[in-house]
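Work through the following exercises with the structure open beside you, and try each task before you read its solution.

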Amino acid sequence: MRRLGPKLSWACLGALAFAVGVVTLPGRGQIAESAEDPTGVSIPYPLVHLVHAEDPAREGGTAQLLRDDPFLLYQLGRDLLQRQFRLEHGVYGRTGEQSVPLYVERQAAGGAASHGAPSRFARDHTASCGFCHSIPYREAGAGQSLGSTGGEGRNTPHFFGGGLIEMLAEQTRQQILNRYDANGNGVIDRAEVARPSPVEVVPFPGAPPVAYGDLSPGPDGVPRLNPAFRVWYLDERGALVPDALSLADRRVAAFDFVLQAFGWGRGTRLIGGRRVAEGGEASTLRAFFTGAADVHMGLQAHDPTQLGAGNGRARRSLPGAWQLDLGGSPDLGARLASTGISLDDPDGDGHPTELSQGDVDAAEWAMLQAPAPAVAATPESERGRSVLAAVGCQRCHVETWRIEARDPSRGLAGDRRFFDLAVTSRPGPDGRPELVGRLRRLDQVLPDGRRVPRGDAFDVERVYSDFQQWDLGPAFWERRFDGSLQKEHRTSPLWGVGSTAPYGHSGRFGTLAEVIDAHGGEAAREAAAWARLPVAEKQLLLAYLRSLVLYVNDEIPADVDGDGLIAERFEVGGVAVGYERFDPRFLTRRAPRYQSVGEAVDPRGRLKPLLLIANVAEVFGLDLPLRRDADADGFPDVLDPQPDKPGVADAPELADARP
């Protein structure tokens, strides 16, 4: 490629970016595929579905990548979350068709689904997770409102720190079981909640407990938990009773539950005279990804990790999270090719196994490691932190939680991440706060060669949520398409709130002041305290909220080599790549061989070289045995029943039927 010249402004790269299929304008979030993009934004390799392999000796399988090349697995998962999928990948299978909400599990054979919930308005409206999670661009960001169960739609939340939230929800469930599951069978038997069983969890040592309700049933037989909990019922053999709604059902001997901390939540619904909680959008990162991929992009995952044995439970994933069998694998794999890929093709678009189990491993891994939001602190904004506490907002917007250290005797896994990008702020050259990072390794290598998380404790600071669903009054109510009224929504985590306008579950509030003014209902006391504040104190509180920001991971200066410094001139494989920063490609086991083709000044005035990767196949593992794709159809040869027929990744009977 011809050298581009000594220096270009980042803006001057616009025409070049569009020429190679890159979208760089703010608010747009799909990333194209191009090996000729010198900005490093595009994905430089073709889509090749990953192989789930639990044996780390199988090179190119997800277990081997996790053990030997965790930053590559992170980058592959991150790319899946941002990639613009194409029609040949199976995107848009049932555009505009109504579908059931994400939280309703599969219908039992010959029976009814457990919840009488309404349909979503439509499906298959984007080709990338990044199209909606687009602010900031290329990250686990927030975005626009989309049509959902009501006319106003749902405002896209960010999922920075998503792994931390998943671990807190998992820990909360285990702590509740530790208190009330007397016989240790992993569920709550009827006899164990025969008397009042209040659920209180201390989020951080010394903090007041968070009250989640009561496990014991009310007069209607429904456990009196906050609607953020999803509950399902089991018979005396431990099998799921899919249409049971309460402990009043004589078939029911026990129930299981999970705190669904993701999404705005679905509140409660009156079914058969019982107020049934409908939980959140998903229980785990894995289910969050596969459910959204199906509904929003028309990509069905065949994910045996989320298929169980008829009791609502599934398996522990490769990244270590217990999964539930609540519909997270929309492709059930009733028909399998000889290589193990599913031939079901649920949306009938001629593209079976649109996401593989290995793909989901990588996406979960990337979301687990997703860095937390940051605080762009100033002396003024930090004064607003105490105002937030004085008003009483922290009753629901709980500031800090602790992930407890691994303790097998209590069923606690500790922090399951392999690394943490700790981001702080310092005064920049212009006096405004500048974000800087430090990469901390959280893993260890055992004597047998396995790489595992240390499982230490970790303080999740300034998250500001109890993850419950509350009725904040009429300004937040949602009229659903079936005419019902949803009143409860999740306490929005405030971290990142300075970057995620507009606000509220539907995005109806344009400013932070507007959304705070609208609070009422169960937050009436705090709303009144806010209203009484002097104008100067209100401004301090708003300044603090605006300081809770998101950022682009690979643009902020960061110490990634652990020497305690942030180099102005950082080298990878002997080639200068600009200032030191967290670009996972810098940390892969097989380092990129960068070719410099010029320089550019980024939007913040920093000089960065324009680079191409000369050894793309090597860096991204396309030459590994379980990643090789001889016919370039997107399926590695070990999964492809017909590896010598380009464009075909089907069983013979399907291949013969396709033109």
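**Exercise 1.** Determine which residues of helix 8 are exposed and which are buried.

*Solution.* Take exposed as over 50% relative accessible area and buried as under 20%, with partly exposed in between (1.4 Å probe, protein chains only).

The model is predicted, so local features need pLDDT of at least 70 and side-chain atom pairs count only at pLDDT 80 or more, while totals for chains, interfaces and linings use all residues. Residues are numbered from 1 along each chain as its sequence is written, and side-chain values use heavy atoms, with hydrogens and water left out.

**Exercise 2.** Describe where Asn615 lies and what the side chain of Asn615 reaches.

*Solution.* Begin with the loop between strand 30 (607-613) and helix 12 (616-619), where Asn615 lies; helices (H or I, at least four residues) and strands (E, at least two) are DSSP runs, numbered from the N terminus. Next, Asn615 has a relative accessible area of 5% and is buried. Its side chain reaches the backbone oxygen of Ala591 at 3.2 Å. Leaving aside neighbours within four places in sequence, Asn615 is in contact (heavy atoms within 4.5 Å) with Ala591, Pro592 and Arg593.

Key. Polar contact = N/O pair within 3.5 Å; in protein donor to acceptor, adjacent residues only side chain to side chain.
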